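Subject: Handover of a structure, with notes

Dear colleague,

Please find below the structure that I am handing over to you. My notes on it follow, and I would be grateful if you read them with the structure open.

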Amino acid sequence: MWRFVNRVYNFVLDNRELLRSVKPRDKYDLNLLGDYAKAIYRKTHKTIKKVTDDIDTFNFNTAIAALMELFNLLSEFDKNLHDDLTREVFVHCMKRFIIMLGPLAPHLAEELWEISGENESLFVGSKWVEPDESALKEEEVTVVAQVNGKVRARIKVPIDLDDETLKNIVLNDAGVQKYLSGKKISKIVVVKNKLVSIACED
């Protein structure tokens with residue numbers, strides 16, 4: 001735990017000028033973000049939901065573990081390598097990370113809050129944050145492909161594909177095609193985001 005505390009403290013110190021100078025927005029459009037910004041934004045808001053639920057149910061160890069996992073991703077940030085929008089999203093995520101630390105490590109969180117340029121105490125008023133629901137949605141799902149009732153493939157696809165597109169992806173999958181070779185497809189059943197079941201006969 002002390003190693004984690006030291007890493008967090010030194011990381012915030014190293015990035016204090018950025019944390020003090022950038023005023024992030026409350027929400028971001030995921031479609032406008034690059035890969036790293038999108039990853040930390042999604043991870044931060046998923047962590048907000050998890051830590052909120054864990055604190056409500058007194059599961060403090062799992063809340064701390066979730067924050068450690070988030071910090072591992074945030075600590076990959078290099079202010080010299082990223083564009084202005086990514087830097088802004090990083091500040092958005094770091095401020096929320098510090099807020100989430102508050103109930104679990106109040107003295108550390110308060111000091112980090114001050115270092116990051118905030119004048120009012122972290123514990124004055126209600127500063128807890130709500131997750132952005134759009135960031136909680138998965139971008140991909142794993143669809144099960146069945147041939148005559150047997151699972152022949154598990155395929156990752158973008159979420160909420162229309163039935164026709166999903167069918168075509170499954171029918172063109174190499175793992176599925178070998179079980180369809182020389183056979184006549186009699187029926188295809190699609191369960192959105194979950195299953196494509198193919199019935200075929202010789």
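How are H1 and H5 oriented to each other: roughly parallel, roughly antiparallel, roughly perpendicular or oblique? Before the answer, please note that this is a predicted model.

**Helix pairs**

Helix H1 covers residues 2-14, and its axis is 13 Å from that of H5, at an angle of about 140 degrees. An angle over 145 degrees would count as roughly antiparallel. H1 and H5 are therefore oblique to each other. The crossing of H1 with H5 is left-handed. On the H1 side the contact is formed by Phe4, Val8, Phe11 and Val12, and on the H5 side by Phe90, Met94, Phe97 and Leu101. Sorted by class, this contact of H1 with H5 comprises eight nonpolar, no polar and no charged residues.

Helix H5, residues 84-101, also packs with H6. Here the angle is about 150 degrees and the axes are 8 Å apart. The two helices, H5 and H6, are therefore roughly antiparallel to each other. Their crossing is left-handed. H5 contributes Lys95, Ile98, Ile99 and Leu101, while H6 contributes Pro106, Leu108, Ala109, Leu112 and Trp113. The classes in the contact of H5 with H6 are eight nonpolar, no polar and one charged.

A further pair is H3 and H4, whose axes come within 9 Å and cross at roughly 170 degrees. H3 and H4 are therefore roughly antiparallel to each other. Among the residues of H3 in this contact are Tyr36, Ile40, Lys43 and Asp54, and among those of H4 are Phe60, Leu67, Glu69 and Leu74. By class, the contact of H3 with H4 holds 12 nonpolar, three polar and four charged residues.

**Lys95 in helix H5**

Lys95 is part of helix H5. Is Lys95 buried or exposed? Its relative accessibility is 7%, and the cut-off for buried is under 20%, so Lys95 counts as buried. Apart from neighbours within four places in sequence, Lys95 is in contact with Leu19, Trp113, Ser116 and Glu118.

Ala153 belongs to strand E2 and, at 12% relative accessibility, counts as buried. Which residues does Ala153 touch, not counting those up to four places away in sequence? They are Val143, Val144, Ala145, Asp173 and Val176. Between Ala153 and Val176 there are 6.4 Å in space, C-alpha to C-alpha, although the two are 23 residues apart in sequence.

Ser197 is placed in strand E4, residues 195-201. With a relative accessible area of 18%, Ser197 is buried. The side chains of Ser197 and Gln146 are joined by a polar contact of 3.4 Å. Setting aside neighbours within four places in sequence, Ser197 is in contact with Gln146, Lys187, Ile188 and Val189.

**Three residues in loops**

Glu130 sits in the loop between helix H6 (106-115) and helix H7 (133-136). Glu130 is exposed, at a relative accessible area of 65%. Beyond neighbours within four places in sequence, Glu130 is in contact with His45 and Ile48.

Phe58 lies in the loop between helix H3 (35-56) and helix H4 (60-74). The phi of Phe58 is positive, about 60 degrees, although Phe58 is not a glycine. Phe58 is exposed, with a relative accessible area of 63%.

Asn148 is located in the loop between strand E1 (140-147) and strand E2 (150-158). Asn148 likewise is not a glycine, although its phi is positive, at about 50 degrees. Is Asn148 buried, exposed or partly exposed? Its relative accessible area of 41% makes Asn148 partly exposed.

With kind regards

Conventions. Residues are numbered from 1 along each chain as its sequence is written. This is a predicted model: local features need pLDDT of at least 70, side-chain atom pairs count only at pLDDT 80 or more; totals for chains, interfaces and linings use all residues. Side-chain values use heavy atoms; hydrogens and water are left out. Helices (H or I, at least four residues) and strands (E, at least two) are DSSP runs, numbered from the N terminus. Buried means under 20% relative accessible area, exposed over 50%, partly exposed in between (1.4 Å probe, protein chains only). A polar contact is a pair of N or O atoms within 3.5 Å; within protein, one must be able to donate a hydrogen and the other to accept it, and residues adjacent in sequence count only if both atoms are side-chain atoms. Contact means heavy atoms within 4.5 Å. Axes are lines fitted to C-alpha atoms, for helices over the stretch in contact, and angles run from 0 to 180 degrees between N-to-C directions. Angles under 35 degrees count as roughly parallel, over 145 as roughly antiparallel, 65 to 115 as roughly perpendicular and the rest as oblique. A crossing is left-handed if the near helix is turned anticlockwise from the far one by less than a right angle, and right-handed if clockwise. Ala, Val, Leu, Ile, Met, Phe, Trp, Tyr, Cys and Pro count as nonpolar, Asp, Glu, Lys and Arg as charged, and the others, Gly among them, as polar.
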